Amino acid sequence: MKKMIEKHPFAIRGFHWVNFPILAIMIWSGLLIYWANDLYAISIGDITLLHFFPEWFYQALNIEQRLAEGMAFHFVFMWVFFLNGLFYVLYTFISGEWRYLIPNKHSFKEAWQVLLHDLHIRKTIPPHSVISSRPTI
């Protein structure tokens, strides 16, 4: 059985996972704002080549124009996203985790090796020097 090595402390993982539902709600509310006034299209002169969301799309999903609701959700969750980011930055500086965000002389070489491995171009496993140099919590 493989042993999982946690690369980041629980707090940093938590701040990032909080962003996932916040950004999902902001995308949804942004679509509500967009759907309220669907003016974006690819046109040449008066001829519309492509409408991003054609009329049949709105009818099929029974989408109503809900601009106020979309703006309200977007505004509220924008502040939640901002506060989460502020707390993340404060935690990073107070805990000293900011030192691990600064690239060292091996970072770019290791990033290239990880990229080659992830694209299945290189078969060897990339080095774990970043993980091994991190203090355990």
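This is a predicted model: local features need pLDDT of at least 70, side-chain atom pairs count only at pLDDT 80 or more; totals for chains, interfaces and linings use all residues.

**Notes on the model**

1. In helix α3, the buried residues are Gly70, Asn84, Tyr88 and Thr92, where buried stands for under 20% relative accessible area, exposed for over 50%, and partly exposed for what lies in between (1.4 Å probe, protein chains only). Residues are numbered from 1 along each chain as its sequence is written, and side-chain values use heavy atoms, with hydrogens and water left out.

2. The cover over the buried residues of α3 includes α1. With its 29 residues, α3 reaches 41 Å from first C-alpha to last, close to the 42 Å expected at 1.5 Å a residue; the expected span is 1.5 Å times one less than the number of residues. Just after α3 comes glycine 96, which takes a positive phi of about 85 degrees.

3. Threonine 92, located in helix α3, has a relative accessible area of 4% and is therefore buried. If its neighbours within four places in sequence are left aside, threonine 92 is in contact (heavy atoms within 4.5 Å) with Glu97, Trp98 and Leu101.

4. A nonpolar surface patch of about 970 Å² is made by Phe75, Val76, Trp79, Val80, Phe82, Leu83, Leu86, Phe87, Leu90 and Ile94. Patches are made of residues with over 30% relative accessible area and no salt bridge, like charges being joined within 9 Å and nonpolar side chains (Val, Leu, Ile, Met, Phe, Trp, Tyr) within 5 Å; accessible areas come from the Shrake-Rupley method with a 1.4 Å probe, and for residues only the protein chains shown count as cover. Phenylalanine 87, which lies in helix α3, counts as partly exposed because its relative accessibility is 46%.

5. Helix α1 (residues 10-36) has 27 residues and extends 40 Å between its first and last C-alpha, close to the 39 Å expected. Its buried residues, among them Ile12, Phe15, Met26 and Trp35, pack against α2 (55-61) and α3 (67-95).

6. Aspartate 38 sits in the loop between α1 and β1 (41-44), and its relative accessibility of 17% is why it counts as buried. Not counting residues up to four places away in sequence, aspartate 38 touches His51, Phe53 and Tyr58. Aspartate 38 and glutamine 65 are 27 residues apart in sequence and 9.7 Å apart in space, C-alpha to C-alpha.

7. The structure holds one salt bridge, defined as a side-chain nitrogen of Lys or Arg within 4 Å of a carboxyl oxygen of Asp or Glu. The side chains of arginine 66 and glutamate 69 form this pair, at 2.8 Å from N to O. Arginine 66 is partly exposed at 31% relative accessible area, and glutamate 69 counts as partly exposed at 32%.

8. The buried residues of α4 are Glu110, Gln113 and Leu116. They cover an arc of only 125 degrees around the axis, taken from the directions from the helix axis to the C-beta atoms, so they lie on the same side of α4. The face of α4 turned away from its buried side carries the exposed residues Phe108, Trp112 and Asp118.

Methods. Helices (H or I, at least four residues) and strands (E, at least two) are DSSP runs, numbered from the N terminus.
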